[in-house]
Amino acid sequence: MDHEWDSRNNILKVAAPPGFDLAMTLECGQCFRWRREGDGSFTGVACGKTANVAQSGRELLFSIGSADEFEGFWMEYFDLGRDYEHIKHTLAEHDENMRRAVDYAGGIRILRQDPWETLISFIISQNANIPRIKKCIESLCRAFGEQITDGRGRMWHAFPTPEALGSCPEADVDHCRLGYRSGYVLETAAKVMEDGAGALAAARMLPGAEAEAYLRSFPGVGPKVADCVMLFGLGHYDRFPADVWIRRAMAAFYGFRESDARGIAAFAAAEFGPMAGFAQQFLFQYIRNTDSAVNASKGGSAC
DNA sequence: AGCCAGGCCCAAC
DNA sequence: GTTGGGCATGGC
């Protein structure tokens, strides 16, 4: 990948892969710690590092600590090395619904996020909406995360470590307003501390069923949260998290009952296989942001 | 105002 | 093995 490093301003100029859409990637609900600046760029924190990233057509500008940090971290975080053209082609040819989803949302990249952060974030996500999830997580980071100063002297907070969360008094978490999820978060953090964060990261190498079983041993982790952690944090790209929106879409597009989790999972495995996770992200973004049949039937008055 | 939100847990069937 | 109520809170 061709680079151009501006050492005076610590800005790296990189060519974006074909079709890459920074804004959609960061705003599609897979991550919760990026915010859009007034100039349309995004600032966020991942794995203890901050970045400001801007996209102008096929050009990406990374405002980061050093040139090495791109190759060493951000390139992988944004999954810029993967051949998405092949994935999009394959999915688009599956059926007309997928073709529309790929046309609309094919600019999304599935970020390679930290498994621990993903685990806690998606425990918090249950029965909440995306703005609320972001607030809860920011609140946790401000209360328990290490401070980071970026190149411009702005202060940020890393995501809290398992130790910081797992050993804090319950009362301190109360003001983060997690609701009934705070117990799940604290108990899960304590268990990650016990098992070691390495055990969680090692689930990347486990067969899917074993990784899922391990994740579901944490309180507050059911089938959907486990799938999200596997897809967004552990590189299990064959996972197809089925939240209320996806179940709605599967009902409208493929005739499933919304309650038929097994059927939906089997369909995704059989039809999309190792690309199921990408299919899921494209579908999710598509149905949430377009006037599709899914939204038309939301109120139960489809005709 | 009231319904719903990137669900999970647990008790009844 | 499936189904349904309860859950703590805030966005819209």
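Okay, let's start with helix α4, residues 96-105, where N97, M98, A101, V102 and A105 are buried. Buried here is under 20% relative accessible area, with a 1.4 Å probe and protein chains only; helices are DSSP runs of H or I, at least four residues. Those five residues cover an arc of only 130° around the axis, so they sit on the same side of α4. That arc is taken from the directions from the helix axis to the C-beta atoms.

Before going on: this is a predicted model, where local features need pLDDT of at least 70 and side-chain atom pairs count only at pLDDT 80 or more, while totals for chains, interfaces and linings use all residues. Residues are numbered from 1 along each chain as its sequence is written, and side-chain values use heavy atoms, without hydrogens and water.

What do the buried residues of α4 pack against? They're in contact (heavy atoms within 4.5 Å) with α1 (22-27), α3 (84-92), α13 (244-254), α14 (261-272) and α15 (276-289). And at the N-terminal end of α4, D95 is the cap, with a side-chain oxygen 2.8 Å from the backbone nitrogen of N97.

Now the inside. The largest nonpolar core has 73 residues, and L91 and F240 have the most contacts inside it. By nonpolar core I mean buried Ala, Val, Leu, Ile, Met, Phe, Trp, Tyr and Cys residues joined through side-chain atoms within 4.5 Å. Among the residues L91 touches, leaving aside neighbours within four places in sequence, are M98 and V102, both on that buried list for α4. There's also a second, separate core of 22 residues, including A16, F20, A46 and I64.

Key: Chains lettered and ligands numbered in written order. Buried < 20%, exposed > 50% of the residue type's maximum accessible area, 1.4 Å probe, protein only. Helix = DSSP H or I, 4+ residues; strand = E, 2+ residues; numbered from the N terminus. Polar contact = N/O pair within 3.5 Å; in protein donor to acceptor, adjacent residues only side chain to side chain.
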